[in-house]
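Biologist: Can you put the model up? I have a few things to ask about it.

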Amino acid sequence: MSGLTTPQAWAAKTERTLDVVRAAMASNTKRRFTEHWTDDEVRDPLVALLGPKCWYCETTIQRADITVDHFRPKSEVLGEPGHDGYWWLAYKIANYRIACKHCNSSGARFDGMREGRAKGSRFPLLAGLRAWRQRDGLDLEQPLLLDPAQIGDPDLLGFDTAGYARRGRTPYSQAETQHGVCRADETIRILALNATQITEQRSDLMKEVTALAQLPGHPVIQDMIDKRVRPTAQWSAAAATALALQRACDRQLDTPARSAAARPVTTGSTPGHSNVDLHDLLEHLDPVELQAGISLTGRHRNTVHRAVLLHDGRISVWSRPWGTPNSAARAATGSDDIDGWGFWRLTIAGVEQSLAEFRAAHTTPDPPV
Ligand SMILES: [Zn+2]
């Protein structure tokens, strides 16, 4: 978003609209937000930054379907009764994100199944203090959703070779471990970034890039790779991940002595890690059972939900892998605030227990900070 300037005439026009919004709020009448964000003078420079693709799911968007999402929703905040929305940011370009209709408002639907509920007016906080009024500081908020325009946030998303978005290798933040939530996993859930159609096509793209990177160097091949990993290309983050993985493999083959000493790929073990995912707890499970997949069940509103704990610590719900018990439970139930550690139950040596009980039996509590 750096380098974008607000056109003067547009700023004056939107300030007048905002005055009308303020007057409506003062008189307790219905507010109307004129859609100045669709004006070419504002939308075109935003689209030019990454080309015609959604900043959230990276899918290429037909011109007619390009929408401008308000990262902080303008008229209400779902799950925050009484909040009037971030109306004072309705005409701030820094609050705009180019989005496809699936991510912005309608929710992804593939194979006739609803796979996500879209961002819409959702703006959950991981931690911090919610801004309710114009004078409140936005810096005190710690958003749960990854922000494609925030330096560092896109790096928290990685991709596996099957094309699934997942947490990258960055360690969890203090707030994530404190609340037992992974921002990447929650963003994948809310925006349905692992919807069937995207995942399959992303996987094909990653295979294509991997194959191209294995071919002998030639300007034409290099050009084909460049076209797929440039930031304006559809799903370029996944393509770049595939390229980096292949390059890393090539380096290991070149230097066998060093590769033998290379550390295994892990998601990183950090204090509090077991508050968020199961990675560090896998060693306490039977490896044979784990390899086959361990059944998990959870009960919510008289419905029993089933899942499978996979060998890498992820939890498969409806054949979708989730990195954390919380996101897996929320995906299974559709409830935004369920605690996955208490929800999922497994049976070990004939004893049924919750993941929370299993974790408590194998970890020592963190010392008070
Ligand atoms: Zn999208």
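What follows is a short exchange about this predicted model.

Biologist: What is the mean pLDDT of the protein chain?
Modeller: The mean is 90, and 90% of the residues reach 70 or more.

Biologist: Where is the pLDDT below 50?
Modeller: Over residues 257–268. In the model that stretch has 10 contacts beyond near neighbours in sequence. Where pLDDT is low, the predicted coordinates should not be read in detail.

Biologist: On to the metal. Which residues coordinate the zinc ion?
Modeller: Cys54, Cys57, Cys100 and Cys103, each through SG, at 2.3 to 2.4 Å. The site is tetrahedral, with angles of 106 to 114° among the 4 donor atoms.

Biologist: What spacing do the donors follow along the chain?
Modeller: C-x2-C-x42-C-x2-C. Cysteine 54 sits in the loop between helix 2 (40–50) and strand 1 (67–70), and cysteine 100 in the loop between strand 2 (96–99) and helix 3 (101–106), so this pair ties together parts that are 46 residues apart in sequence.

Biologist: What does threonine 67 touch?
Modeller: Leaving out residues up to four places away in sequence, threonine 67 touches Arg97, Ile98, Ala99, Cys100, Lys101 and Asn104. Cys100 in that list is one of the zinc ligands. Threonine 67 itself is in strand 1.

Biologist: Which side chain does the side chain of threonine 67 make a polar contact with?
Modeller: That of asparagine 104, at 2.9 Å. Threonine 67 has a relative accessible area of 17%, so with the cut-off for buried at under 20% threonine 67 counts as buried.

Biologist: Different topic. How many residues are in the largest nonpolar core?
Modeller: 81, and Tyr96, Ile315 and Trp344 have the most contacts inside this core. Helix 6 (residues 196–214) supplies the largest share, 6 residues. A second, separate core has 5 residues, including Leu126 and Leu144.

Biologist: And helix 5, how many of its residues are buried?
Modeller: 8 of the 8, residues 183–190, so helix 5 is largely enclosed by the rest of the structure. Among the buried residues are Arg183, Asp185, Glu186 and Arg189.

Biologist: What follows helix 5?
Modeller: Alanine 192 comes after helix 5, with a positive phi near 50°.

How values were computed. Residues numbered from 1 in each chain as written. Predicted model: local features only at pLDDT ≥ 70, side-chain atom pairs only at ≥ 80, totals over all residues. Heavy atoms only, no water. Donors = N, O, S within 2.8 Å, 3.2 Å for Na, K, Ca; no water. Tetrahedral: all angles 85-135°; square planar, octahedral: opposite > 155°, others 65-115°. Helix = DSSP H or I, 4+ residues; strand = E, 2+ residues; numbered from the N terminus. pLDDT = per-residue confidence, 0-100. Contact = heavy atoms within 4.5 Å. Core = buried A, V, L, I, M, F, W, Y, C linked by side-chain atoms within 4.5 Å. Buried < 20%, exposed > 50% of the residue type's maximum accessible area, 1.4 Å probe, protein only. Polar contact = N/O pair within 3.5 Å; in protein donor to acceptor, adjacent residues only side chain to side chain.
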